[in-house]
Amino acid sequence: MIVRGNIQTAEGPVAVENIRTDDLVIDRERRARRITAIKTAKVTETVSFKRNTKAVFSSDTVFLTAKGTKTLADGAGVSFIKPDGRSVSDTAVIAATNTIGYNLTVEDGSNVYVSGYNVEV
């Protein structure tokens with residue numbers, strides 16, 4: 001679940017709280033996929049990153065990394081493939097919180113880029 005970050009859309013980056021049904025988001029294969037539903041839910045634990053402070057997710061989010069799909073533990077090192085094909089390394093930071101997250105449903109797709117990091121939705 002996405003708490004904070006910019007979703008890569010066909011029109012450019014859009015803050016998750018401004019994403020709307022029918023927006024076209026970009027997936028890992030660089031294909032445009034339509035948002036068919038957006039739900040919100042309470043989040044009590046988040047994962048953020050030391051380098052990319054713009055991206056925050058619920059701690060149970062599945063990330064598509066350079067070495068496969070995974071959830072992340074506190075202090076875990078991870079490498080992501082960014083939309084431009086470059087690899088970037090970062091470190092996960094887990095924190096207790098009380099906030100709202102966004103769960104996106106994507107037509108014929110299962111992932112989106114959020115502030116340069118690819119996650120399952």
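User: What pattern does the protein follow when read along the sequence?

Analyst: This is a predicted model, in which local features need pLDDT of at least 70, side-chain atom pairs count only at pLDDT 80 or more, and totals for chains, interfaces and linings use all residues. Residues are numbered from 1 along each chain as its sequence is written, and side-chain values use heavy atoms, with hydrogens and water left out. Strands are DSSP runs (E, at least two residues) and helices are runs of H or I of at least four, numbered from the N terminus. Read in order, the protein follows β-β-β-β-β-β-β-β-β-β-β-β.

User: What is the radius of gyration of the protein?

Analyst: The globule rule, 2.2 Å times the number of residues to the power 0.38, is compared with a radius taken over C-alpha atoms. For 121 residues the rule gives 14 Å, and the protein's value is close to this, so the protein is as compact as a globular protein of that length. The radius of gyration is 13 Å.

User: What share of the residues is buried?

Analyst: Buried means under 20% relative accessible area, exposed means over 50%, and partly exposed lies in between (1.4 Å probe, protein chains only). Of the 121 residues in the protein, the buried ones make up 40%.

User: How many salt bridges does the structure hold?

Analyst: Side chains of opposite charge can pair when their charged atoms come close. A salt bridge is a side-chain nitrogen of Lys or Arg within 4 Å of a carboxyl oxygen of Asp or Glu. One of them joins Glu 29 and Arg 31 at 3.0 Å, N to O. The number of salt bridges in the structure is four.

User: Which residues are linked in a network of salt bridges?

Analyst: Asp 27 meets Arg 31 at 3.4 Å and Arg 33 at 3.2 Å, both N to O. Arg 31 also meets Glu 29 in a salt bridge. The linked residues are Asp 27, Glu 29, Arg 31 and Arg 33.
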